[in-house]
Amino acid sequence: MTTLIESDEHKALRAAAAALGQRYGRDYLTRTVAEGRHPAELWAEAGKLGYLGVNLPEEYGGGGGGITELSIVLEELGAAGCPLLMLVVSPAICGTVIARFGTEEQKRAWLPGLADGTRTMAFGITEPDAGSNSHRITTTARRDPGTGDWLLTGRKVFISGVDIADAVLIVGRTEDARTGRLKPCLFIVPRDTEGFTRRPIDMEINAAEKQFELTLDDVRLPADALVGEEDAGLLQLFAGLNPERIMTAAFAIGMGRYALAKAVEYARDRTVWQTPIGAHQAVAHPLAQAHIDLELARLMMQKAAHLYDAGDDAGAGEAANMAKYAAGEACVKAVDQAVHTLGGNGLTREFGLASLITAARVARIAPVSREMILNYVSHQTLGLPKSY
């Protein structure tokens with residue numbers, strides 16, 4: 001079964017992505033974060049090698065693969081200590097949406113650049129007053145009857161990488177959606193468009209990609225800024241959200257693997273009494289459990305990716321949510337156990353694990369909380385009454 005045993009091509013991609021990550025490593029990422037900049041060198045090399053666009057169509061400069069291949073790249077970069085968050089956003093969400101629903105002009109304008117890394121795109125859906133309830137999105141899009149242009153007004157929050165992105169794929173809703181029917185629409189908004197402003201959010205977490213609050217004040221866009229159909233609804237939106245969940249799982253699994261490898265190395269060498277501490281079951285068993293949980297999460301992630309790439313959006317939705325849940329939980333537990341295994345050393349800059357405590361929790365919170373996933377599974381999968 002393809003979801004259980006990787007092909008030779010996938011094994012080769014995994015090995016190549018791991019080798020790239022190891023050439024840069026955690027020290028490189030930590031240094032770029034300390035300098036307040038994006039890991040541009042790693043991004044550029046990943047693009048040159050074809051890894052950034054491995055999921056995008058070949059006719060537009062991509063690798064012709066799918067989210068399965070892109071998740072392999074992100075997981076291995078994470079396991080090497082240098083994950084690229086914008087892989088989740090630019091090729092996985094925005095690239096996928098444009099490839100599936102964009103016009104020929106939009107595909108030719110954006111996909112080659114997204115594939116080789118020379119262009120990036122951020123994704124704007126979350127709003128201050130909507131949270132996890134996408135039905136409360138208030139960013140509205142209305143037509144100018146005189147010109148046919150779109151006018152967008154609203155706010156977005158916790159949008160990653162806007163300062164390094166050429167444009168943001170904004171989720172809005174048409175004005176008649178105020179009647180209660182959700183009709184999300186997707187618009188490409190160039191970063192420097194008049195009326196489109198950004199404010200950095202002061203985050204406690206140290207990450208290469210900064211977070212922003214966006215304001216759209218009657219942002220005027222040409223008619224061809226709309227991606228897909230005005231009335232396509234949730235289909236287009238979840239074409240991007242399912243890959244986002246799968247890639248978040250890959251991000252979390254990679255981070256968990258990195259932390260676990262550091263702890264295993266330490267436990268194998270650290271001797272306090274007669275034997276290395278890894279010989280003691282109180283140390284060894286929790287690390288083994290962390291490994292098992294990460295492997296199980298990866299299986300669900302692979303299932304979700306294969307379903308999505310096969311065109312089963314409904315099946316992929318369930319699996320993608322469960323993969324994201326499992327990976328987030330596994331990552332938090334692996335990082336916590338890794339830090340605990342190192343004791344005081346786990347909190348030092350020398351070993352570089354303490355910063356992962358905060359980073360790991362992101363996988364439980366974003367892009368959707370574990371509680372909302374449990375709501376989804378209890379209602380959609382188990383058929384229990386809806387609680388929200």
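This is a predicted model: local features need pLDDT of at least 70, side-chain atom pairs count only at pLDDT 80 or more; totals for chains, interfaces and linings use all residues.
Local features were taken at pLDDT of at least 70 and side-chain atom pairs at pLDDT 80 or more, while totals for chains, interfaces and linings use all residues. Residues are numbered from 1 along each chain as its sequence is written, and side-chain values use heavy atoms, with hydrogens and water left out.

Helices (H or I, at least four residues) and strands (E, at least two) are DSSP runs numbered from the N terminus. Two packed helices are described by the angle between their axes and the distance between the axes. Axes are lines fitted to C-alpha atoms, for helices over the stretch in contact, and angles run from 0 to 180 degrees between N-to-C directions. Angles under 35 degrees count as roughly parallel, over 145 as roughly antiparallel, 65 to 115 as roughly perpendicular and the rest as oblique.

Helix H4 (residues 86–101) packs against helix H5 (residues 104–116) at an angle of about 155°, and their axes are 10 Å apart. H4 and H5 are therefore roughly antiparallel to each other. Their crossing is left-handed, a term for a near helix turned anticlockwise from the far one by less than a right angle (right-handed if clockwise). In contact (heavy atoms within 4.5 Å) are Ser90, Gly95, Ile98 and Ala99 of H4 with Gln106, Lys107, Trp110, Leu111 and Leu114 of H5.

For H8 and H9, the axes come within 8 Å and cross at roughly 165°. This pair is therefore also described as roughly antiparallel, and H8 passes H9 in a left-handed crossing. On the H8 side the residues are Lys324, Gly328, Glu329, Cys331, Val332, Val335 and Val339. These meet Leu356, Ile357, Ala360, Arg361, Ala363, Arg364 and Ile365 in H9.

The loop between helix H9 (355–365) and H10 contains proline 367. A cis peptide bond, with omega about -5°, joins this proline to alanine 366. Helix H10 (residues 370–381) has 12 residues and spans 15 Å from its first C-alpha to its last, close to the 16 Å expected at 1.5 Å a residue; the expected span is 1.5 Å times one less than the number of residues. Ile373, Asn375 and Val377 are buried in H10, where buried means under 20% relative accessible area, exposed over 50% and partly exposed in between (1.4 Å probe, protein chains only). The buried residues of H10 pack against helix H8 (313–342). Glycine 383, with a positive phi near 75°, follows H10.

Zero disulfides (pairs of cysteine sulfur atoms within 2.5 Å) were found in a search of the whole structure. Cysteine 331, which meets H9 from H8, is buried at a relative accessible area of 0%. Its sulfur is 15 Å from the closest cysteine sulfur, that of cysteine 82, too far for a bond. Cysteine 185 is likewise buried, at 0% relative accessibility, and its sulfur is 16 Å from the closest cysteine sulfur, in cysteine 94, also too far for a bond.

Positive phi values also occur in residues other than glycine. Phenylalanine 158 has a phi near 55° and belongs to strand E3 (residues 150–160); at 46% relative accessibility, phenylalanine 158 is partly exposed. Aspartate 218, with a phi of about 50°, is placed in strand E7 (residues 211–221). The relative accessible area of aspartate 218 is 38%, which is partly exposed.
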